[in-house]
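Visitor: I have a model to look over. Please walk me through how it packs.

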Amino acid sequence: MTKSSKLNRGVSRRAVLKGAAGAVGLAAGSGAITGFPYVYSADPKVLRYLGTAVNEGDEISKKCLEDTGIKIEYITATTDDVTKRVITQPNSFDVLDTEYFSLKKLVPSGNIFALDAKKIKEFDNITPVFTKGQLPNGKKIGDQGTAPWKVLYLEGPNSKTFSKTPTEFVTLIPTVYNADTLGIRPDLIKRPISSWTELLNPEFKGKASILNIPSIGIMDAAMVVEATGQHTYTDKGNMTKAEIDLTMKIMTEAKKAGQFRAFWKDFNESVNLMASGETVIQSMWSPAVTKVRSMGIPCIFQPLKEGYRSWASGFCVSKAVSGPKLDWAYEFVNWYLSGWAGAYLNRQGYYSAVLSTAKANMTADEWGYWMEGKAAVSDIKAPDGTVLEKAGAKRDGGSYDDRMGAVACWNAVMDENDYMVRKWNEFIAA
Amino acid sequence: MKQHRKTFVAWLQAAPMMLVFALFFLLPLLFVTVVSAWDYNEYEMIPAFSLRGYSDTFEGCIAELPSLCTILKTYLNTLKLCLLTWALTLLIGFTVAYFLAFHVRSKTWQIVLTLLCTIPFWTSNVIRMIAWIPLLGRNGLVNRGLEGVGLIRQPLEWLLFSEFSVVLALVHLFTFFMVVPIFNSMIRIDKRLIEASYDAGATGWQTLLNVIIPLAKPGIVIGSIFVITIVMGDFVTIGVMGGQQIASAGKIIEARLNALQFPAAAANAVILLGVTILIISALTRVVDIRKEL
């Protein structure tokens, strides 16, 4: 008897709980709660920052908190996972750090807020690389692939179409970019390397590598194919099916002949392969080269005569952000472009979007080494103080104008992306 | 009435597990199956019926005959790796379990030695795999050693980023999953049966073949199910140890997911699930685990 009465009480308590939960759910569903925390906000200003580990430095968030009072909470994911998250969970972040080529997927999903160019203080000082596709000295640069200026503007505040001419509605405020090329081990190759064709040179059989992120890997493959003279692409970043077939056929033959030691997917893998001597020539990213070098192993980010494959990233804001949070997002972006962060990025071998403010935050020697291709007067140090280069060293590839001026194509999402991914799987299985 | 209440209580006791199982296993599986028959574009799934995910996957399977299409090549390769890993883990796992069950007398030592088998799991998966590079690499310990004693002049390239290294890593990782269930079966074997076998004049081998192996069968099958299901779906180990140059069923799903082609990934997941279920049901045909437990 006692047992059953206990049971009854249990049930009734549960019923009450259920009712309460239902009421809360209803309130949440009806939107009664939204915006609530902000009204009573005595909390510090917090922004959730979604991006890859590469740009999420503790130094930057610390300095930002100090200067603006905005607390940055990093959400770290791989390039592909960042994109997945934006599309499936737009409420899970406020500020998004992503690359321009992702915009072709992100903007049509409707989850990206169109930023107001007038609220970005330094917008007019952003390097013309992004706004016009030319260097500050007026020289036009390569526009194959998803070049930033093709996807920088929207037609209207709620538009899902990219505008060909400048508007005040901006998709992504650029922060950091670079020109990528092949990394080599000069001590093991022992001769000058000057062309992308060397990646498939049988001399390096079993000692070459390419990266296994299809959308970037195929661009490197295209640079090689074009360099060998087997095909000239109309747009390497937007191949036809026949061009994809041809590119993958050449790469498959090389793979079957044992040209590649391994493919890499993650930054640390590329460092490992190169540092251990498993590979002597491979597609690589600038900080990976720096890392190999800081281990005391010679490694060069080799400039090649066919040019560089470039990428650029920056900040988007989630469409779910509104109210004061939106103001903080603008404040954060403005702070980022105001110089300190730009100098921090430049010192890692990247480039900052607003050159003038970054310059003001660097010494003349640092600026000369990183941006002007001059020999370093004193030792060049990383942001954390470790010595990267001894006095007298010059940067691989030279000045900003030399490197960015030689960009041949940009990371891209192709119209035939679906087909390309299938062909890439075939290549891996071959 | 009393009976009624008893069954009710039994259901209630099973309910939490049932609920977890339904919510976190059956429901997602159902979603995956449903999504696999959807259409998709660059950035979103379109809830309209389409078998594109499947037809794309089997693209060229008839047109390219007699040479194999990508999906068949991939599955053949995955099955080959799976079979090699299974055979080796079974051989090693059985031997280790036999040693633990019949040669180690004290219970304390049995426990200590079994725990020793878990050492590979003390570090993270990724670190364990990266650690193979200084060992098997071109300038790694093994090659240096062999060159040192003059056995080889050129470093052996096939030691790393090859099917050899993939199988080696998989065996290293998953032998433990064989050891535990087989050990568990063996320890339950009535020692008097073995004595009786010897008394009846059987040799050591005959006892092994006719007494121990049949009685350890449930453990062997359970261990096999563990190893086969894990290896069939693996893409991390095969990826890292194979230098990303070796195709596997899991890798195809990963590539599709990363390209945001969720329905195509789901279709591949359903295919993989089907193949794995076929293998497992064939195994359970050989031994009825439920009866043996």
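Visitor: How many residues of chain B are in contact with chain A?

Guide: The model is predicted: local features need pLDDT of at least 70, side-chain atom pairs count only at pLDDT 80 or more, and totals for chains, interfaces and linings use all residues. Residues are numbered from 1 along each chain as its sequence is written, and chains are lettered from A and ligands numbered from 1 in the order written. Contact means C-beta atoms, placed from the backbone, within 7 Å. On chain A, 31 residues take part; on chain B, the number is 27.

Visitor: Which element gives the most to the side of chain B that touches chain A?

Guide: Helices here are DSSP runs (H or I, at least four residues), numbered from the N terminus. Two elements give two or more residues to this side: helix H3 (70–103) and helix H12 (249–258) of chain B. The most, 5 residues, comes from H12(B).

Visitor: How are H12(B) and H13(B) oriented to each other?

Guide: H13(B) spans residues 262–286, and its axis lies 8 Å from that of H12(B). Axes are lines fitted to C-alpha atoms over the stretch in contact, with angles from 0 to 180 degrees between N-to-C directions. The angle is about 165°. Angles over 145 degrees count as roughly antiparallel, so H12(B) and H13(B) are roughly antiparallel.

Visitor: Which residues of H13(B) meet H12(B)?

Guide: H12(B) brings Ala249(B), Ile252(B), Ile253(B), Arg256(B) and Leu257(B). Their partners in H13(B) are Phe262(B), Ala264(B), Ala265(B), Asn268(B), Ala269(B) and Leu272(B).

Note on methods. Contact = placed C-beta atoms within 7 Å. Parallel < 35°, antiparallel > 145°, perpendicular 65-115°, else oblique.
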